[in-house]
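Trainee: I would like to learn how to read a structure like this one. Where do we begin?

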Amino acid sequence: MAVYAIITFHTTHFALKAKKVLEKTDQEIEMIPVPREFSSNCGFCCKLPWSEREKAERVLLDSQVEIDQIYRWERDDEAEKKKKFRFI
Amino acid sequence: MAITVDARGLDCPKPVIKTKEALEQAAGQPLLVMVSSAASKENVIRFLTRNGVAVERVEERGGEFHIYTAGCEGLGQDVQPLSPGAEPQSADCSCNSSQAPSWPSGRGTVLFITRDRIGSGSDELGMSLLAAFIATIRELSAQPRTICFMNSGVKLTVKGAPTLSYLKELEEKGVELLVCGTCLNYFHLTQELGVGKVSNMYDISETLLKSAKVITI
């Protein structure tokens, strides 16, 4: 089971800026749509290892990126990959 | 009882042609195709998959490959070349939608990615949207059979691209990724390809024309 931090933002501009800022620090981040379990809004969020969240939060605050929420996301990545699907 | 296609020792494209003939003659029956090179094996598997025939297993025996298909009903008609007026489905076929999915004039959904971003207005937003789109597709329960990449779309498939790991996952699931070789060459990215098969205009055009639905980005 992998544990991730999902950082959401008030605006897409902040999300894109967060990506830019975090990428510069060599943090392992992914920009993904906010998972359905956290919000039904159409938005981007940053996904990073849970252990990295405090460092990321500091970097974002230093760069005046406003964070909305930080969620803890537990996910069985291997099981997700093996989930059933069909070709359409 | 499986129909056996012995294409050992034959050069490409003969194994594919023999497989096609067998499918046409023995619609619905499982096939065993024997080939003697890895390239022929790949080509035959690709041909079968593209025509909706599931490959059940492949056995390697002393440099030979034995490809077994699952039962494949009604494929004979689909592998025949399309000719005008030969449309096998008519309007009333839609009534049968509760049965196996029917593809009016082709099979499956193809994603045709012709650029490295979604839409226009903001390049930064467009690139992030496309990466998020690919990331999301891999998690859906319905997936396209094939994704074709052309022009700057090929940039999604190269080493270092944020989409690389997502595409690798899709490929592992069996989604076919066809990457335009001419385009890789144009962007000097041939050596950087990280996922998918280098493909050409013939394969890509055929894939698009034979599919039931093409979604173009």
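Mentor: We will take a helix, a sheet and the nonpolar cores in turn. Keep in mind that this is a predicted model.

Trainee: How many residues does helix α1 of chain A have, and what span does it reach?

Mentor: A helix can be checked by setting its span against the expected one. Helix α1(A), residues 12–24, has 13 residues and reaches 19 Å from first to last C-alpha, close to the expected 18 Å. Just after α1(A), Asp26(A) takes a positive phi of about 60°.

Trainee: Which residues of α1(A) are buried, and what do they pack against?

Mentor: Buried means under 20% relative accessible area. In α1(A) these residues are Phe14(A), Ala15(A), Leu16(A), Ala18(A), Val21(A) and Leu22(A). They pack against β1, β2, β3 and α2 of chain A, together with α4 of chain B.

Trainee: What is the strand order in the open sheet of five strands?

Mentor: In chain B the order is β9-β8-β7-β5-β10, with parallel pairing. Strands β9(B) and β10(B) stand at the edges with a single partner each, so one side of each has no neighbour in the sheet. From one strand to the next, the twist averages 25°. Four bridges join β5(B) to β10(B), and Leu111(B) stands opposite Ile215(B).

Trainee: Which residues touch the most other members of the largest nonpolar core?

Mentor: That core has 39 residues, and Ile113(B), Ile134(B), Ile147(B), Phe149(B), Leu167(B) and Ile204(B) touch the most other members. Elements giving two or more residues to this core include β1 of chain A and α5 of chain B. Apart from this core lies another of 20 residues, among them Ala18(A) and Met31(A).

Notes. Residues are numbered from 1 along each chain as its sequence is written. Chains are lettered from A and ligands numbered from 1 in the order in which they are written. This is a predicted model: local features need pLDDT of at least 70, side-chain atom pairs count only at pLDDT 80 or more; totals for chains, interfaces and linings use all residues. Side-chain values use heavy atoms; hydrogens and water are left out. The expected span of a helix is 1.5 Å times one less than its number of residues. Buried means under 20% relative accessible area, exposed over 50%, partly exposed in between (1.4 Å probe, protein chains only). Contact means heavy atoms within 4.5 Å. Two strands pair if DSSP finds at least two bridges between them. Axes are lines fitted to C-alpha atoms, for helices over the stretch in contact, and angles run from 0 to 180 degrees between N-to-C directions. A nonpolar core is a set of buried Ala, Val, Leu, Ile, Met, Phe, Trp, Tyr and Cys residues joined through side-chain atoms within 4.5 Å.
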